[in-house]
Amino acid sequence: MSLGAERRDAGEPRPEVVVARSVTSPDAQAARPADPPPSAAGGATPQITVRGVSKRFGGVVALRGVDVTIGQHEKVAILGPSGCGKSTLLQIVAGLLDPDAGSLDVAGAISAKERLARCAMMPQRDLLLPWRTALDNASIALENRGLKRRDARERTRPLFERFGLGKFEELRPSQLSGGMRQRVSFVRTLMAEKDILLLDEPFGALDSITRGQMQEWLLHAMEDVPRTVLLVTHDVEEALLLADRVVVLSAHPGRVVRVLDSRVQASGSRREIVTDPEFVNLREQALEALE
């Protein structure tokens with residue numbers, strides 16, 4: 001199956017804090033753009049709507065007037081330089097932070113507590129528990145919901161086979177390569193059984209060769225198990241390869257400067273896709289937007 005053909009198809013929560021739907025402060029009004037957020041691809045029903053979101057930490061403005069709309073089972077990448085507020089935006093969507101201004105709707109959830117219940121997040125580091133096997137690490141979300149370990153393992157095991165991890169299920173994290181650890185982390189995220197996946201630079205700690213291999217693996221995995229995906233990265237090729245659309249943020253304070261449709265017609269291996277003229281043109285547009 002070619003990558004290009006596939007691309008053409010389509011903890012405990014914090015106390016509830018309701019996000020205001022209206023903004024009254026002068027700073028917030030100034031940060032609020034007049035135009036509606038970029039539409040979900042193909043007119044799809046929005047599953048995530050971020051409108052006019054701003055966030056400040058002390059005297060530093062991390063985000064200013066960010067608008068993003070994501071349709072159900074659409075994959076969107078947030079691309080930007082280090083320190084532009086990408087991970088902050090992801091944490092706001094996840095309900096781990098509240099914005100200072102603007103509003104969010106995540107599958108009908110408005111409050112931080114409700115948003116947290118709708119999303120599963122894959123962090124930058126795998127955070128696997130060293131005393132548990134790979135399979136036990138991946139099934140921990142089910143155990144947290146009350147399943148016995150044996151039952152949780154049995155429900156998780158089919159995904160291990162599906163994603164090429166069957167031979168590694170009884171190994172400890174210290175016995176796994178960095179790429180394998182990230183695969184286990186991704187399966188653990190899926191086993192939270194949420195329709196919305198938030199991926200925070202999941203391959204940032206890997207070397208370039210392993211990173212490329214994992215990008216190709218994740219592309220197939222996301223097509224095999226459809227989810228609404230919001231991916232944060234500073235890697236231009238990774239964003240264009242894995243996402244249907246790429247939202248480019250400026251340096252801090254982060255604001256949307258460009259939205260690119262990244263679904264290309266190229267087929268073949270990852271190398272063939274990233275060297276295709278259409279992909280190269282998109283990469284140049286993304287790099288230009290980042291300048």
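Which residues does glycine 85 touch, not counting residues up to four places away in sequence?

**Figure 1. Glycine 85 in the loop between β3 and α3.** Leaving aside residues up to four places away in sequence, glycine 85 touches Ala62 and Leu63, where a contact means heavy atoms within 4.5 Å. The structure is a predicted model, in which local features need a pLDDT of at least 70 and side-chain atom pairs count only at pLDDT 80 or more, whereas totals for chains, interfaces and linings use all residues. Residues are numbered from 1 along each chain as its sequence is written, and side-chain values use heavy atoms, with hydrogens and water left out. The loop that holds glycine 85 runs between β3 (75-79) and α3; helices (H or I, at least four residues) and strands (E, at least two) are DSSP runs, numbered from the N terminus. With a relative accessibility of 9%, glycine 85 counts as buried, given that buried means under 20% relative accessible area, exposed over 50% and partly exposed in between (1.4 Å probe, protein chains only). Although glycine 85 and alanine 251 are 166 residues apart along the chain, their C-alpha atoms are separated by 8.3 Å.

**Figure 2. Helix α3 and the glycine that follows it.** Helix α3 spans residues 86-94 and is mostly covered, eight of its nine residues being buried. The buried residues of α3 are Lys86, Ser87, Thr88, Leu89, Leu90, Ile92, Val93 and Ala94. After α3 comes glycine 95, which has a positive phi near 85°.

Figure 3. The whole structure contains 20 salt bridges, each defined as a side-chain nitrogen of Lys or Arg within 4 Å of a carboxyl oxygen of Asp or Glu.

**Figure 4. The packing of helix α8 against helix α9.** Two packed helices are described by the angle between their axes and by the distance between those axes. For α8 (residues 178-190) and α9, the angle is about 25° and the axes are 10 Å apart; the axes are lines fitted to C-alpha atoms over the stretch in contact, and angles run from 0 to 180 degrees between N-to-C directions. The two helices α8 and α9 are therefore roughly parallel, a class that takes in angles under 35 degrees. Their crossing is right-handed, that is, the near helix is turned clockwise from the far one by less than a right angle. The contact involves Gly179, Gln182, Arg183 and Phe186 from α8, together with Thr210, Met214, Trp217, Leu218, Ala221 and Met222 from α9. Sorted by kind, the residues of this contact comprise six nonpolar, three polar and one charged, with Ala, Val, Leu, Ile, Met, Phe, Trp, Tyr, Cys and Pro taken as nonpolar, Asp, Glu, Lys and Arg as charged, and the others, Gly among them, as polar.

**Figure 5. Backbone geometry at histidine 73, glutamate 201 and proline 253.** Most residues other than glycine have a negative phi, and most peptide bonds are trans. Histidine 73, in the loop between β2 (60-71) and β3, has a positive phi near 60° and is partly exposed, at a relative accessible area of 34%. Glutamate 201 has a positive phi of about 45° without being a glycine; its place is the loop between β6 (196-200) and α9, and glutamate 201 is buried, with a relative accessible area of 11%. The peptide bond between histidine 252 and proline 253 is cis, with omega about 0°, and proline 253 is found in the loop between β8 (245-249) and β9 (256-261).

Note on methods
Angles under 35 degrees count as roughly parallel, over 145 as roughly antiparallel, 65 to 115 as roughly perpendicular and the rest as oblique.
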